[in-house]
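Here is a short report on one structure.

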Amino acid sequence: MSAYEIVIGLEVHVQLSTQTKIFCGCSTDFGNEPNSQTCPVCLGLPGALPVLNREVVESAIKTGLATHCKIAPRSIFARKNYFYPDLPKGYQISQFELPICEHGYLDIDTEKGGAKRVGLTRIHMEEDAGKLVHGEGVDSSSSFVDLNRACTPLLEVVSEPDMRNSEEAIAYLKKLHQIVVYLGVSDGNMEQGSFRCDANVSVRPVGQKEFGTRTELKNLNSFRFIKQAIEYEAQRQIDLIEDGGTVVQETRLFDPDAGESRSMRGKEEAHDYRYFPDPDLVPLVVNEEWVGQVRDNLPELPEAKIHRYTEKLGLSAYDAEVLSADRATAEFFDACLGLLPNAKLCANWVSGDLAGKLNEEGTSIADSPVTPELLTGMFKRIQDNTISGKIAKTVFEEMWTSGKAADTIIEEKGLEQVSDTGAIEPIIDELITNNAAQVEQFRAGKEKVLGFFVGQVMKATQGKANPGMVNQLLRKKLSE
């Protein structure tokens with residue numbers, strides 16, 4: 001494989017989270033009874049006319065701005081003609097020569113630790129087809145058509161062939177996925193097909209400028225399977241060339257169970273679809289005022305958050321990436337920060353104990369019973385030494401189950417930290433008297449013995465003693 005270079009371009013279909021379809025008022029809810037969300041428009045009945053959903057256009061503009069695209073002031077819908085049983089009109093309304101977004105890019109991190117820019121050729125709007133259901137019902141050999149998905153709004157994001165291995169492809173896909181979810185234009189649910197990918201893969205000898213013949217891997221909806229499919233297909237093409245064969249331009253399906261791709265059909269070109277402007281839809285005009293309004297309402301995206309967290313808050317790159325990976329987590333952290341401006345304390349708990357508990361319970365942070373108000377209430381008691389970090393974990397567990405405020409829990413359970421030297425000194429004196437061997441070890445320079453004494457004091461006070469004060473008093477008395 002080292003003698004060849006892999007060339008990868010990706011076409012990603014992003015299903016939009018609008019309540020209704022792109023050209024009609026039917027619901028886009030997932031999982032309802034087959035053919036229960038259809039109308040004359042999405043069924044393609046004679047005389048039914050499409051009406052463009054404005055929210056779909058706004059979603060396209062948002063995605064274009066977030067990926068550094070130019071927003072076209074004028075774009076046109078086209079009919080993409082082909083026959084398939086789940087495409088009742090006999091054509092798909094898409095965009096061809098004049099898409100709404102062009103010439104963008106995404107910067108990704110490579111496996112070697114550097115950065116790479118992947119160009120975006122275009123982003124265009126289109127409707128989805130229906131769905132074929134095979135082998136269900138009375139006759140297991142039959143196929144059925146469910147048209148609930150027909151006319152569901154999609155954005156197709158087409159990259160330049162800039163990726164050179166499966167790792168770069170996955171990094172690009174994960175970044176695009178993160179952006180569309182952050183923007184709120186898609187739920188990104190790959191199992192339900194909300195984010196799926198066609199991968200164009202070719203190989204060429206290292207140093208050759210011309211691209212090799214590409215094949216298209218269709219409808220991949222798992223990062224793991226996409227990686228496997230690209231690697232298998234690249235190796236298949238190399239083996240074919242090395243054996244004296246020729247790569248055929250075709251569309252292939254990847255079978256994740258077998259770990260291999262199979263030929264599906266010859267690869268269509270644009271002329272095969274006989275594109276022409278849709279006569280039922282007027283050209284779409286997007287003025288600068290509209291684009292400006294959308295730009296002003298964009299959320300802070302992950303890259304900007306990471307920069308703010310590291311440069312302005314002083315967090316590590318790791319903490320910043322963890323906190324910004326998910327929009328809901330970032331918003332929770334920012335809410336905590338707004339209530340208590342201690343970035344490190346908030347970051348440690350949100351990405352540590354809270355994240356661990358959410359994972360343990362299988363709960364999303366949006367449904368966390370511990371709110372930013374409750375959590376920062378506990379942080380204030382850590383800062384003023386009312387409770388120690390160890391006791392805080394007990395308070396957090398009680399807060400999770402009861403929903404009570406930290407102050408209430410501390411008072412009800414008597415968890416206030418002991419900072420009275422008069423209460424701690426007698427315990428230390430008794431420990432020193434009863435553990436002469438350990439005292440001598442400490443005085444001989446064995447610092448680790450101090451941990452033994454600290455543990456004994458904390459045990460005697462049920463964890464309520466102020467650890468800082470305990471350390472200070474122990475050092476003083478052990479050195480006397």
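Helix 6 gives the largest share of the lining of the second largest pocket, five residues. Helices (H or I, at least four residues) and strands (E, at least two) are DSSP runs, numbered from the N terminus. This is a predicted model: local features need pLDDT of at least 70, side-chain atom pairs count only at pLDDT 80 or more, and totals for chains, interfaces and linings use all residues. Residues are numbered from 1 along each chain as its sequence is written, and side-chain values use heavy atoms, without hydrogens and water.

**Cores.** A nonpolar core is a set of buried Ala, Val, Leu, Ile, Met, Phe, Trp, Tyr and Cys residues joined through side-chain atoms within 4.5 Å. Buried means under 20% relative accessible area, exposed over 50%, partly exposed in between (1.4 Å probe, protein chains only). The largest nonpolar core has 104 residues; Ile100, Met125, Tyr172, Leu375, Met378 and Val395 touch the most other members. Helix 3 supplies the largest share of this core, nine residues. A second, separate core of 18 residues includes Leu431 and Val457. In soluble globular proteins, nonpolar side chains tend to be buried together.

**Cysteines.** The whole structure holds zero disulfides (pairs of cysteine sulfur atoms within 2.5 Å). Two cysteines are listed below.
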